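Student: I would like to learn how to read a structure such as this one feature by feature, with the general idea placed ahead of the particular case. Could we work through it together?

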Amino acid sequence: MSAADRITAWIFASQKGLLVTILLLFLALIAGLPHLRFGDDNRNFLGAGNADYLQIQKIEDAYAQSTTTMIMVIPPEGTAFEPATLDALRRMTTDSWQTPYVLRVDSAVNYSHSYAEGEDIIVEPLLEEDVDVTPEMAARFADIAPGSDELVNRLIAADGRAYGISIDVVLPDGVPEARRDVADFLAGQRAEWAADYPGFEFRSTGSVLGGLTLAQAARDDAITLVPLAFVAAIALLALFIRSARAVIASTLIVGAATLATFGVAGWLGIQLTAGTAISPLAVMVLTSASCVHMTLAWIRERETDDPHPATLRALSTNLAPITVATVTTAIGFLGLNFADSPPLREMGDIVAIGLIFGLAAVFVVLPFTLARAAPGSPAPKTLLNHAMMEGLAHRVLATRMVWLIVFPAVIAVSILGITRIGFDDNMLRYFDDRYEFRRDTDAVQERLTGLDSLTFSFEVPDGSVFEPGFLRDIDRFTLWLKEQEHVVSVSSITDIIKRMNKSMSADDPAENRIANSREANAQLMMFYELSLPIGLDLNTQIDVSRLQTRVTAFIRSEHSENLRTLAREAEVWMAQNTPDTEAIAGGYSIAFARITERNNRQMLVGLGVVLALVSLILMLTLRDVKMGAISLVPNLVPALMAFGIWGITFQDVNLGSTVVTTMTFGIVVDDTVHFLMHYLARRKRGEPPQEAMAHTFSVVGAAIIITSIALIVGFAIMALSGFAINQHIGALTAIVIGFALLADLLLLPAVLLRFERTS
Amino acid sequence: MRFSGLLSAALAALLFVSPALAETAEEKGYRISRQSADTETGFRDMSVEGEMILYSARGSTSTRRFTSRTVENDDNQGSRSLLIFDWPGDIRNTALLTHSFDSARDDQWLYLPAVRKVRRISSSGRSGAFVGSEFAYEDMLDQNVDEFTHVWQRTEPCPNAPGACDVIDRQSKNSSSYSLQRVWIDQTDNRTRVIQYFDRRGAHLKTLTISDYQKYNDAYWRPALMDMTNHLTGKRTELKWSNYRFDTGVNPTEFTPNALRNIR
């Protein structure tokens, strides 16, 4: 009696106890469901040790930890500078001060405009408060606002047709509903304004709304795509396997494993985001694949035997392959822990745990059900029968030389395709057009401003930020930045100091420069600061110790390469032109622009570890080092080809792609495990290679095809998500599995036979 | 007998409590605020040194130092004050002159020694962060009682001192950057102990706690420490007062924009 037979016997002997155990385990896991939360914080995607994130925290600590919501106001065509429009804009600005957790509100009407008037320097809101807007005031506004560097492309569109109201809020810790409060308030204001000012159009964007959309996308995926995938998986099972008993048992197992996975996420305290909410779908399709293997083996045995002995044999022969396949898959998912981005790590963990639960359920529930089929009943049918599989085997073997040429050719093309791949990650563009947030964001970017930004925080080596040399360097850098492609607006204190210096000399244009002494600059700034109203202070631009100041460039970019290029060029420019005054580019835009590259670097290590572990398991399982090495071929080629095709067609990948290679390696190895274990068993029985191959096709071919189709459909459904990370994970994984199927059926036999001949 | 006893007791009670019964919450609030203000004025002139320590949300600090001189106008209507900075070094000798009036908006000028110019500060602003701190300029001063409506709320133990405090809500009669200020005034010596500031939307934005009071010249209570915490940003500013001096014989006419250039 083999070990597999003994375990099978034990499973059958203690079936009732095991069933109860699985049920209790299931109940314990789904008790975690009430703890499930949807995360609405973009920062969730940045790991604690991420250098870009640390830089963001440094910046937030020095200035203000606030997030901006931008509301774009488009007045009716041709009325932008009419008194009634400005009156409306002023009221909207005032209303915005009522936003929960508001730190400051900036718009063209409350902009602190300054100018000299005789011996006085007036610093006042561009539009006076508390009085009706007269035609004269409107004319003055129309004269000044479109010419102000600090307003244009930020709070007023370059064409003067749209306004921006920028609302900074400080989200408190420990108040999970804070974002919702802010968004609800602003939605209410928008509705009120729309009613009071017919003909006005409003659009809003920013990270508060983006965070909520993140949670919304997660909820949408969990509620629509996961059930859709479930229906698809069951439909496929029913299509391929004509056994109601097996399909119903599989439905229960797959459903339970999916729910248990959500439960695990609840217990682990994981906040589901758009990146993780969909991951139980992976457990669903992978567990259904195990069910397929088990059921097909049972049906094969049923052709010659009654249900009970057939079940015993099916379980005994599948115990090792299904266990090895599931463990390697789990290792692939655990490999995601090498990623920097927490949602990817969390996805790996919950899927790995869900898979192990699914494995236990398959071994306990399925045999229990299958063994109880009526003795003597006819064997169920499958869509793909032995004859078809053997026919396929003969055709593949007859054409094997073709595949040995076709595959390397495709790989060569793929490598070319991979060189074309670009990285594009942007928190705003992760959502597709089905979300209002994305549509609004695109509109704001098109009509008003650039929503990406780079923040350069300069620290003075000694003295204070008001050192003339330091400020002149920053001024030169600011001027350089303004000239760069994609940059629409730059905010820098040097503009304020220059303006104040000019005003101090009766607005003499020649004095529009940094003053010659540190004291003069400090005092000019102090004068300006004393003139500011509450909330509109300089603490968002200069730190309280007066040692750091930041320059922010607002950027209208279509691709994150724009940001990476600008960040790189800015750093090079500073090194060459202002070597004493340098800063690195920081902020969320650049952190996301670099997130794929960063995760890729780490996942490369993860892939290496997973590769080594899985290969080791394969070698141990197959008890054959050479076979283990050969098995790598059909498992590495698919990812190569998938990324190659992607590079040729879609070109850009995002954060989701970084985990695909490692994750799919664990998945696609399954088919190879099943294939090689059967093939080697046949060979050990003395069958010649060709015959062993034909048998292997007839025994596991159908299972490999059916499970691959189920996986492709499942991950393709994941790609229907409105969130780009899921789209890329789903689509790329489906393509990899498709290529893996081809590699297992076409390439692996050819390579095996070639290897047999040479050895 | 029994009846008349009851009546006289009732009469006595009525007489005893009648001032309280007759006084509305507004009147009581005003009366207490007025008493508190009166303990602080009448000093003619005063000088004091201030040191601000600004704390970021994560605890890094920065310091500002200045000398403040105040002189009450001869007609006792308002005052003139001069704030001369000492630290940070690049604003040393920068001087802020304020003329405050009981019934009109204050006038302010700044002397910038580096460019040797005096410039008036336009009146629309001034409510922002004072030299980057959590204080607005107005938060550091005693408020003119008549600029506010006062509503007495309740009596309760002082939050940061022994004894009982009256809690009074005051609202500016003019436009203000705060929707409401809630003031705790102790009953022992009518000193302001705590002020909570509520922003435009009525949220509790800042809290000022005032402590280490000392009596000068047997007449004026003055604190040594004012601590302002911003609940939105988590930032905090400590303002330490030292070296109070009263009645040193300053002439209010020296506190003019033209005289600013000569001040050292």
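This is a predicted model: local features need pLDDT of at least 70, side-chain atom pairs count only at pLDDT 80 or more; totals for chains, interfaces and linings use all residues.

Student: What span should the 25 residues of helix 22 of chain A have, and how far apart are its end C-alpha atoms?

Tutor: Helix 22 of chain A covers residues 660–684, and because each residue contributes 1.5 Å, its 25 residues should span 36 Å; the end C-alpha atoms lie 35 Å apart, which agrees with that expectation. Just after helix 22 of chain A, Gly686(A) takes a positive phi of about 95°.

Student: Is helix 22 of chain A mostly covered or mostly exposed?

Tutor: As a general idea, an α-helix has 3.6 residues a turn, so residues three or four places apart point the same way. In the present case, helix 22 of chain A is mostly covered, with 20 of its 25 residues buried.

Student: Which residues is Phe643(A) in contact with, once its neighbours within four places in sequence are left aside?

Tutor: With those neighbours left aside, Phe643(A) is in contact with Ser414(A), Ile418(A) and Ile421(A). As for Leu563(A), it is 80 residues from Phe643(A) in sequence, and the C-alpha to C-alpha separation of the two is 24 Å.

Student: How many helices and strands are there in chain A, and how many does chain B have?

Tutor: Chain A has 24 helices and 14 strands, while chain B has three helices and 15 strands. Of the 759 residues of chain A, 57% count as buried, and for the 264 residues of chain B the figure is 34%. Among contacts with a separation of 6 or more in chain A, 82% come from residues 24 or more positions apart; in chain B, 45% of the contacts between residues at least 6 apart join residues at least 24 apart.

Student: What does the C-alpha trace of chain A span along its principal axes, and into which domains is chain A divided?

Tutor: The C-alpha trace of chain A spans about 105 × 55 × 45 Å along its principal axes. Chain A is divided into domain 1 (1–31 + 241–382), domain 2 (64–205), domain 3 (384–419 + 604–759) and domain 4 (452–555 + 557–593). The C-alpha centres of domain 1 and domain 2 of chain A are 58 Å apart.

Student: How do I read a sheet, and what is the strand order of the open sheet of four strands in chain A?

Tutor: Strands of a sheet pair through backbone hydrogen bonds, either parallel or antiparallel. In chain A the open sheet of four strands has the order 11-12-10-13, with antiparallel pairing. Its edge strands are strand 11 (487–491) and strand 13 (585–586) of chain A, each of which pairs on one side only. Strand 11 of chain A pairs with strand 12 of chain A, residues 548–555, over four bridges in the antiparallel sense, and Ser489(A) stands opposite Phe554(A) in strand 12 of chain A.

Student: Which residue in the turn of the hairpin of strand 7 and strand 8 of chain B has a positive phi?

Tutor: That residue is Gly163(B), with a positive phi of about 90°, and the hairpin has six residues between its strands. Nine bridges join strand 7 (residues 148–157) to strand 8 (residues 164–172) of chain B, and these strands run antiparallel. Strand 8 of chain B is also joined by six bridges to strand 9 (residues 180–186) of chain B, again antiparallel, with Trp184(B) as the bridge partner of Val167(B).

Student: Finally, how many residues does the contact take from chain A and from chain B?

Tutor: The contact takes 38 residues from chain A and 34 residues from chain B. On the side of chain A that touches chain B, the largest share, nine residues, comes from helix 17 of chain A. The residues of that side divide into 21 nonpolar, eight polar and nine charged.

Methods. Residues are numbered from 1 along each chain as its sequence is written. Chains are lettered from A and ligands numbered from 1 in the order in which they are written. Helices (H or I, at least four residues) and strands (E, at least two) are DSSP runs, numbered from the N terminus. A residue is buried if 20 or more other C-beta atoms lie within 10 Å of its own, exposed if 12 or fewer, and partly exposed in between; C-beta atoms are placed from the backbone. Two residues are in contact if their C-beta atoms, placed from the backbone, lie within 7 Å. The expected span of a helix is 1.5 Å times one less than its number of residues. Ala, Val, Leu, Ile, Met, Phe, Trp, Tyr, Cys and Pro count as nonpolar, Asp, Glu, Lys and Arg as charged, and the others, Gly among them, as polar. Domain bounds come from an automatic or database domain assignment. Two strands pair if DSSP finds at least two bridges between them.
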